[in-house]
Amino acid sequence: MPLTEFLTEATFIFQRLDWLSVVDILLVTVVFFTLFVIMRGTQAVVLMRGVIIITVIVALLSAFFRLRAFSWLLRSTLPALLLAIPIVFQPEIRRALERLGRFSNFLTIGGVESSATSPEIECIALACQQLSDQHYGALIIIEREAGLQDYVDTGVKMDSLVSAELLVQIFIKDTPLHDGAVILRQNRIASAACVLPLSIDATLSQQQFGLRHRAALGISEASDAVAVVVSEQTGTISVAHNGKMIRRLDSARLQNILTAFHRPRDNRLFGWLKASPKKQHEVG
């Protein structure tokens with residue numbers, strides 16, 4: 001009976017397990033678990049789930065019913081499948097590698113802080129409030145650990161001091177620099193009218209997010225930057241970070257949130273042991 005043979009082989013394998021084999025299996029499990037955690041929330045999860053289901057079904061059919069032709073087809077197409085996966089999952093794999101690279105920030109003793117200091121944060125909050133009152137759209141990106149030079153190069157170089165008046169002037173409607181994002185670096189406005197990647201989250205269309213909000217989420221998914229958005233339609237102020245968006249902010253709350261991002265977090269490796277305030281995630 002195929003089932004009896006399968007149980008016999010499984011028993012034989014378990015009898016030969018030693019501590020080194022257990023460690024080997026645990027390492028492989030950790031690698032796959034890490035990959036799934038990194039890809040969580042992306043479209044690659046659905047595709048990967050389908051591949052895993054098909055692989056398990058084929059393996060069980062081949063093991064129990066000795067389907068020689070089917071097994072040969074599986075062995076023949078497996079190399080092609082391994083080559084196709086990087087092509088199909090190219091955006092997700094690139095994003096996963098970027099997240100893995102930024103994971104090193106949590107292993108450092110000193111935390112990562114925003115490049116904006118308190119005076120600049122006050123200027124950003126004041127400018128966003130004025131733009132919100134007048135229903136002028138705005139998108140302000142604060143660079144942190146990950147460099148944004150590729151996106152800085154898409155805009156108009158400025159290298160100027162941050163001021164509320166200048167930010168308001170940039171985003172006034174029909175001015176040359178209002179369409180695009182402003183990127184702040186080292187307490188200065190590095191560039192304006194920058195082009196950012198849009199978020200690929202398929203659920204955003206259902207929440208009626210505009211291009212500015214999709215761009216804010218896109219840059220927060222591709223880097224550790226903090227994005228501040230002012231809606232042209234509603235005047236709503238929002239902050240995006242790490243693929244999440246906090247909406248319906250006023251000037252005071254915006255300043256508090258940006259200050260929290262600016263504040264360095266000491267000893268990230270053991271920071272989870274300390275009590276932390278509750279975070280508000282208001283999406284939609």
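These legends go with several close-up views of a predicted model.

Residues are numbered from 1 along each chain as its sequence is written, and side-chain values use heavy atoms, with hydrogens and water left out. Because the model is predicted, local features need pLDDT of at least 70 and side-chain atom pairs count only at pLDDT 80 or more, while totals for chains, interfaces and linings use all residues.

View 1. Helices (H or I, at least four residues) and strands (E, at least two) are DSSP runs, numbered from the N terminus. The protein has 284 residues, and 34% of them are buried. Buried means under 20% relative accessible area, exposed means over 50%, and partly exposed is in between (1.4 Å probe, protein chains only). Take the contacts between residues at least 6 apart in sequence: 65% of them join residues at least 24 apart. Contact means heavy atoms within 4.5 Å.

**View 2. Helix H8 spans residues 164-171.** Its buried residues are Ala164, Leu167, Val168, Ile170 and Phe171. Seen down the axis of H8, these buried residues fall within an arc of 160°, so they line one face of the helix. The arc is that of the directions from the helix axis to the C-beta atoms. An α-helix has 3.6 residues a turn, so residues three or four places apart point the same way. What covers the buried residues of H8 includes helix H6 (118-133). Strands S1 (138-142), S2 (156-161), S3 (181-185) and S4 (188-194) are also included in that cover.

**View 3. Helix H6 crosses H8 at roughly 40°.** The two axes come within 8 Å. Axes are lines fitted to C-alpha atoms, for helices over the stretch in contact, and angles run from 0 to 180 degrees between N-to-C directions. The angle makes H6 oblique to H8. Angles under 35 degrees count as roughly parallel, over 145 as roughly antiparallel, 65 to 115 as roughly perpendicular and the rest as oblique. The crossing of H6 and H8 is right-handed. A crossing is left-handed if the near helix is turned anticlockwise from the far one by less than a right angle, and right-handed if clockwise. H6 brings Cys123, Ile124, Leu126, Ala127, Gln130 and Leu131 to the contact. H8 brings Ala164, Leu167, Val168 and Phe171. These residues divide into 9 nonpolar, 1 polar and no charged. Ala, Val, Leu, Ile, Met, Phe, Trp, Tyr, Cys and Pro count as nonpolar, Asp, Glu, Lys and Arg as charged, and the others, Gly among them, as polar.

**View 4. Helix H6 also packs with helix H10 (residues 251-262).** The angle is about 150°, and the axes are 9 Å apart. H6 and H10 are therefore roughly antiparallel to each other. Their crossing is right-handed. From H6, the contact takes in Ile121, Glu122, Ile124, Ala125, Leu126, Cys128 and Gln129. From H10 come Ser251, Leu254, Gln255, Leu258, Thr259 and His262. The residues of this contact divide into 7 nonpolar, 5 polar and 1 charged. Arg253 is also placed in H10. At 29% relative accessibility, Arg253 counts as partly exposed.

**View 5. Asp159 sits in strand S2.** Asp159 is exposed, at 51% relative accessible area. Leaving aside neighbours within four places in sequence, Asp159 is in contact with Arg188, Ile189 and Ala190. Asp159 and Ala192 are 33 residues apart in sequence and 9.6 Å apart in space, C-alpha to C-alpha.

**View 6. Gln186 and Ala193 each have a positive phi.** Most residues other than glycine have a negative phi. Phi is near 50° for Gln186, and near 60° for Ala193. Gln186 lies in the loop between S3 and S4. It counts as exposed, at 59% relative accessibility. Ala193 is in strand S4. Ala193 is buried, with a relative accessible area of 18%.

**View 7. Gly218 lies in helix H9 (residues 211-222).** Gly218 is buried, with a relative accessible area of 2%. Setting aside neighbours within four places in sequence, Gly218 is in contact with Pro197, Leu198 and Ser199. Gly218 and Gly243 are 25 residues apart in sequence and 7.2 Å apart in space, C-alpha to C-alpha.
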